[in-house]
Amino acid sequence: MPEEILTMKNIVKEYQMGDETSTILKGINLSVQSGEFISLLGPSGSGKSTLMNIIGFLDVPTSGEYHLSGRKMSGQEEKLLAQIRRKEIGFIFQSFYLLSRQSALKNVELPLIYSGTDKKLRYEKAADMLKKVGLGDKMHHLPRQLSGGQQQRVAIARALINDPTILLADEPTGALDQKTGRQVMELFHQLNEEGRTIIMITHDVKLAKEAKRVVSILDGNISEEVI
Amino acid sequence: MIKENFLMAWDNIINSKMRSFLTSLGIVIGVASVIALITIVQSVTGEMMSQFESMGADKITVIATGNPLKSGLTTSDLRKLEEIPNVTGVAPSVSITGSAGKQGILLDEVSIMGKNEKYFQQDTTELTRGRKLTALDMDGHTYTCIIDQDIEKAVFPNENPIGQKIMVNGQGYEVVGVRDTDSSNDVMSGINASSTSDGTIIIPYKNALSLSGSSTYSNVDVFLEDTNLSDETTSDVETVLDAAFNYKDDSYKIVDLGSILDTMNSMQSLLTTLLAGIASIALVVGGIGIMNMMLVSVTERTREIGLRKALGAEPAQIQALFIIEALALSLIGGAIGIALGLIISVVATLIIGTTFSISWGAIALGIGFSVAVGLVFGWTPAKKASGLKPIDALRSD
């Protein structure tokens, strides 16, 4: 039975630019059920990145209410935000953001280090996760020894390692060619079928339509189209 | 967590070896110079001090230069000195150069020293044979002497000198003891015995006085029971001497080894502090180098910091990462600096010719300094890193 895990009520984000205040998000209302695969579609400058940052607890809204799996985002204490990110959010970035001098395995282990998991368990979990994304034989490779698609799969393994509530992917195929991009999308579908909640940010309409639900964002407002 | 941070810091240091090395170089030089200077100063002055101490900090030496009316101290003056409280004995010292020998052998550059039995109570020089001079030898008509090993070798090769006669300035003396040559433990005899001398013969002081042609003593050691009371005793000695010389100025000088030792002690610590202070300027410069490198590193790794934060690193964890890296850099520098400083010290003490003694205090200071430098100069960059907002950090290119 799907439950509501994400609720946004009238989220506003303003930035102060000198004397002017520019409003990036103009009262966003959004709710997400567990197991959904949503794409946030919008051109650049539409506010989709800002929305993603707020969803991912990287940024705080100016006003409005945001609940994620029963937690209310309140205050701005960095330590608390870091703990929520660690537990609830799995980030996937357009340009992978792997630590270039660490092996695939070490990269996947990184979030576990911050959650204080002991060494042996870290290794086991990270190795399992790399096998799951199909890189069981490349655990000790450095990122530069892997192809773009493989690097993104390492990043996905890293995002999944703490078993987050939401997988938050920002243009996950933006830096990949069509074929490897396709493989990454297949992996997303597979994860979603296993029950993982995924929010994917993209400007690519075709890609957005692969999700079960598309939320368009334009000029700081959202509108939904259900396919 | 700390272990992981150390591994990550180590990884960063290893990955930019040249830069890390150059950054640590300031600390290396600073710590090495602090350690080398402290160790060298302590080895040199420590040896000087122990020499001085063995010369006798428990005595006051009176050098009576005299005046036209009275050329030195008389036997009755010595008796008055002996009556001062806290004085255990008074030992006049007469030193002349003369000849010594027996039939067929003549040494004409012999240092002849007149001493009394009190001298031998304080003297630490080992006798290799025979006995010391006692009160019974001091009546002025007993001709007994102690020779050193140089004289023994020259005059009595391959025979036992004890009981034999030796001619000292034409007078026959019976050898009653033989002592070590090199350990002239008395500061005055050390100065008086010229290095070109053929050796040293000690005879009763009255005999030496008549050989010297003088009737007064110009060099007297006053031995103290309790060195803590040396100030009081010194002023008592001054009172006696003032009276002896009829209150004429500049008739005598008092050399108090204890107070010389105190002065040397405070000079040594002053010198050590001064030199260590100068050397620690290098440490501060080294620390600024580390801070500079860490600030550059924070800027270069802004995106990495953002990523780590997105993955759930708390500000304190980011701060720890950078402080540990600064600490590791300065500790590596410190370790190399300690090794280098010790090598310099060993070489320097070899060249100077003193014994090298490892100064644990200096090493502790070196480690302490590097930790402090790492913490102090790593703090600001680490704070800067931990305060970065994750979105800003992730967006930076």
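Me: Which residues does A:Arg196 touch, not counting residues up to four places away in sequence?

Reply: This is a predicted model. To read a side chain, list its neighbours, then ask where the residue sits. A:Arg196 touches A:Gly35, A:Glu36, A:Leu160, A:Asp163, A:Pro164, A:Leu167 and A:Leu191. Its place is in the loop between α6 (178-193) and β8 (197-202) of chain A.

Me: Is A:Arg196 buried or exposed?

Reply: Relative accessible area decides that, and buried means under 20%. A:Arg196 has 19%, so it counts as buried.

Me: What does the side chain of A:Arg196 make a polar contact with?

Reply: The partner is the side chain of A:Asp163, at 2.8 Å. A:Asp163 is also one of the residues in the list of neighbours above.

Me: Now the interface. How many residues of chain B are in contact with chain A?

Reply: Start with residue counts, then turn to area. On chain B 23 residues are in contact with 23 residues of chain A. The area buried between the two chains is about 2,300 Å², and carbon and sulfur atoms give 59% of that. B:Leu311, B:Glu314 and B:Ile391 supply 25% of the area that chain B buries against chain A, more than any other three residues.

Me: How many salt bridges and how many residue pairs in polar contact are found across this interface?

Reply: The rule finds 3 salt bridges and 9 residue pairs in polar contact, counting pairs with both residues at pLDDT 80 or more. Among the elements of chain B that give two or more residues to the side touching chain A are α1 (2-15) and α11 (315-352). That side divides into 10 nonpolar, 4 polar and 9 charged residues. One salt bridge joins A:Arg101 to B:Asp11, with the closest N and O atoms 3.5 Å apart.

Me: Where is B:Gln317, and what does its side chain reach?

Reply: B:Gln317 is in helix α11 of chain B. Its side chain reaches the backbone oxygen of A:Tyr114 at 3.3 Å. B:Gln317 touches residues of both chains, including A:Arg86, A:Tyr114, B:Met1 and B:Asn5. The residue counts as buried because its relative accessibility is 13%.

Me: Which residues of chain B does the UniProt annotation "transmembrane region" cover?

Reply: Treat an annotation as a record, then look at the model over the span. The unreviewed UniProt entry gives residues 21-41, 274-299, 320-352 and 358-379 of chain B. Residues 274-299 are 100% helix, with end C-alpha atoms 38 Å apart. Residues 358-379 are 91% helix and 0% strand, and their end C-alpha atoms are 33 Å apart.

Conventions
Residues are numbered from 1 along each chain as its sequence is written. Chains are lettered from A and ligands numbered from 1 in the order in which they are written. This is a predicted model: local features need pLDDT of at least 70, side-chain atom pairs count only at pLDDT 80 or more; totals for chains, interfaces and linings use all residues. Side-chain values use heavy atoms; hydrogens and water are left out. Contact means heavy atoms within 4.5 Å. Buried area is the accessible area (1.4 Å probe) that two parts lose on being put together, summed over both. A salt bridge is a side-chain nitrogen of Lys or Arg within 4 Å of a carboxyl oxygen of Asp or Glu. A polar contact is a pair of N or O atoms within 3.5 Å; within protein, one must be able to donate a hydrogen and the other to accept it, and residues adjacent in sequence count only if both atoms are side-chain atoms. Helices (H or I, at least four residues) and strands (E, at least two) are DSSP runs, numbered from the N terminus. Ala, Val, Leu, Ile, Met, Phe, Trp, Tyr, Cys and Pro count as nonpolar, Asp, Glu, Lys and Arg as charged, and the others, Gly among them, as polar. UniProt positions are given in the numbering used here, feature names are shortened, and annotations may be inferred rather than shown by experiment. Buried means under 20% relative accessible area, exposed over 50%, partly exposed in between (1.4 Å probe, protein chains only).
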